[in-house]
Amino acid sequence: MNTISVSDAFSNAPPRSAAVLCVKGEKGRTDMQLAEWFTWLNIKRNPMLSFSLSRANPIGARLKEGDSFVLAFPPLEEAKRYRQPVSADGDTKEPEITSADGLWVPKGSEVLLLCTLAGAYNYPFKKVRIFNCNLEEAKGDFSA
């Protein structure tokens with residue numbers, strides 16, 4: 001994966017497309033969960049994005065401000081496999097690839113967004129938690 005511009009990332013992984021949250025887990029594992037990336041913002045020229053997870057989600061429950069993670073954008077059919085949390089490591093039988101910072105990400109991800117959690121809040125009308133993130137770096141591979 002090569003570093004790409006933010007505009008390239010957003011043109012190849014448009015808002016409202018399915019994203020898989022990839023977070024460092026215990027003992028070198030990566031915990032992955034389907035999230036809905038629903039908006040991106042440009043506050044004071046600082047690109048940010050937001051996504052939601054169920055309030056009961058165990059991965060979302062342990063995220064705190066300042067944590068780093070990757071949002072991966074695989075094809076929709078691949079992303080659906082992560083509706084339930086998945087934990088992977090180098091010994092997993094599933095064909096996955098490694099991101100720039102050592103996390104495992106879903107196969108076929110066209111874009112990886114390296115993010116830092118800026119804040120989170122419970123959405124009042126649905127049982128979801130909204131996560132606001134600073135976009136640190138975008139990576140993609142468009143050689144195919």
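**Aromatic cluster**

The model is predicted: local features need pLDDT of at least 70, side-chain atom pairs count only at pLDDT 80 or more, and totals for chains, interfaces and linings use all residues. Residues are numbered from 1 along each chain as its sequence is written, and side-chain values use heavy atoms, leaving out hydrogens and water.

- Phe51, Phe69 and Phe131 make up one aromatic cluster. Rings of Phe, Tyr and Trp (its six-membered ring) pair if their centres lie within 6.5 Å; planes under 30 degrees apart are stacked, over 60 edge-to-face, the rest tilted.
- Phe51 is buried at 0% relative accessible area. Phe51 and Phe131 are stacked, with 5.2 Å centre to centre and 15° between the planes.
- Phe51 is in strand E4 and Phe131 in strand E10, so this pair ties together parts 80 residues apart in sequence. Strands (E, at least two residues) and helices (H or I, at least four) are DSSP runs, numbered from the N terminus.

**Nonpolar core**

- The largest nonpolar core has 25 residues; Leu21, Trp37, Leu49, Phe51, Phe69, Leu71 and Leu113 touch the most other members. Such a core is a set of buried Ala, Val, Leu, Ile, Met, Phe, Trp, Tyr and Cys residues joined through side-chain atoms within 4.5 Å.
- Another core, of 14 residues, lies apart from it and includes Cys22 and Tyr82.

**Cysteines**

- There are zero disulfides (cysteine sulfur pairs within 2.5 Å).
- For Cys133, the nearest cysteine sulfur is that of Cys115, 5.1 Å away.
- Cys133 is buried, at 0% relative accessibility.

Notes. Buried means under 20% relative accessible area, exposed over 50%, partly exposed in between (1.4 Å probe, protein chains only).
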